[in-house]
Each structure stands twice: as C-alpha cells, then as structure tokens.
Amino acid sequence: GDEQTIDLIGNLVTYDITLPNTGVTAPAPVIYQVLTQFSGTASDTAPGLVEKDDITIQDLTFASTYWNPVSGAWQNTVVWATTTLTAGSWSVGTGLPAWVDGVNYRITSKATDKAANAQTSAVVDFLVDRSTPVAVLQNFVAVNSTVAAVSGQVRSSLDSLSGTAWDIAGAGGSAGKLDKVLVHIKRPAQGGDGFGDQLFDIGLA
C-alpha cells in the first residue's frame, strides 16, 4: 500500500491504563419508604479524566432483572443508565422505577475514563418498606401463676406479657428489621398510687 507520513509535531498523546474510581453514596444499605435520587462519586488519577458514570438498578426478587429507564420497564439483561456527572460527583433523579413495597434492590455504578478504562463500584443493596408493622398480644400471666389470662378477666397482678410482631421488612430480633414494640398499659389512677398511664418499650427476640 501507499506509505503515509504523519507529522506528530505539536500533538500530545496521553498513555493511561489506570482504572477510574466510583462509589455510591446514596442510597445507603438501609430501608427506605421513599427514594427519589441516587448519587455518588467518580474520580481518576492524573493524567486520566473521567468521561462518564453509569448505574444499574437490579430487582433482587429475580436472578437477573434490570431497570431500563429508556423503555421504562424491567428486562433480563444488564442496562447501564446515564447519570449527570459534575466535578467528581454523579447523580440521577429521573427515570427511576416505581419502587415495590417489600422488595430488595441493588445499585452499582461504573466509571469510564477518556481512555475507555472502566471500573464498577461495590454494590449497595436497599429495601423498600411502606407497610405498617403488626403486633399482637398473645399471652399475659399473673404473678405466681402459669395460667394465661383471658381478655376481660380481672387480675390483681400481672407478671409477664408476650406476643408477636411482624413486618414486611423482616422479623424482629438482632437479625430482623423491626425497630421496637411499645406496649401501652393503662389504669385509672386510684388513691394517688401514681400508676395511671404507662408506656413500655418491649425487647424483640
């Protein structure tokens, strides 16, 4: 073929093989009722420059289901959605899915620099919970008695209370999502005994 001579005088070529960095700052790996915006960071080591930062949103109910903000639907292949990148920070607040109550989601970000080097972030999993928890009083036992009391009975004393508490986010206890159960015990004040109206914070097990 023909030989070509290229004049490199005045041209600057940057050699960059360093991967950029990216992270998710919002959401955090917690529980949300409402979630309207995602944000995070994106950076690169000089002389590298970040070109863009994209994210994926995955519905963890299924093995491989990702949100496509262009079609406005979930699909079975990975979709990288564009974010707004400004001075080392990225954000997106439009085109998000309608969050389903009780569902766990996962977000991952990916930074790409001008040399096409790309790196993904650590994943962040979060739960959407808009359901009111339910608590049921199942048993209350009088002092020095193993016989459970029945609603409407008159007792001179009360030794213990027990019941159940449930939420769509998970059961109680150290591994669960329920925060607390409050038990309200009320008795008309009598003779200035000071009892009156009491609210107790009950531990979860």
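These entries cover the aromatic pairs and then the threonine.

Entry 1. I keep in mind throughout that this is a predicted model. I began with the ring pairs and found a count of eight aromatic pairs. I looked up phenylalanine 38 and tryptophan 99, whose ring centres are 5.9 Å apart with the planes at 45 degrees, so I noted the pair as tilted. This pair links distant parts of the chain, since phenylalanine 38 is in strand S3 (residues 38–43), tryptophan 99 is in the loop between strand S9 (89–92) and S10, and the two are 61 residues apart. I also noted that both phenylalanine 38 and tryptophan 99 are buried.

Entry 2. I then turned to tyrosine 105 and phenylalanine 126, a stacked aromatic pair with 5.7 Å from centre to centre and 25 degrees between the planes. Here too distant parts of the chain are linked, with tyrosine 105 in strand S10 and phenylalanine 126 in strand S12 (residues 124–128), 21 residues apart. Tyrosine 105 is buried at a relative accessible area of 0%, and phenylalanine 126 counts as buried at 1%.

Entry 3. I asked which residues form one aromatic cluster, and I wrote down Tyr32, Phe38, Trp67, Trp74, Trp99, Tyr105 and Phe126.

Entry 4. Last, I looked up threonine 108, which lies in strand S10 (residues 104–113). Its relative accessible area is 11%, under the 20% cut-off, so I recorded threonine 108 as buried. Leaving aside neighbours within four places in sequence, I found threonine 108 in contact with Asp54, Ile55, Thr56, Trp80, Thr120, Ser121 and Val123.

Definitions and conventions. Residues are numbered from 1 along each chain as its sequence is written. This is a predicted model: local features need pLDDT of at least 70, side-chain atom pairs count only at pLDDT 80 or more; totals for chains, interfaces and linings use all residues. Side-chain values use heavy atoms; hydrogens and water are left out. Helices (H or I, at least four residues) and strands (E, at least two) are DSSP runs, numbered from the N terminus. Buried means under 20% relative accessible area, exposed over 50%, partly exposed in between (1.4 Å probe, protein chains only). Contact means heavy atoms within 4.5 Å. Rings of Phe, Tyr and Trp (its six-membered ring) pair if their centres lie within 6.5 Å; planes under 30 degrees apart count as stacked, over 60 as edge-to-face and the rest as tilted.
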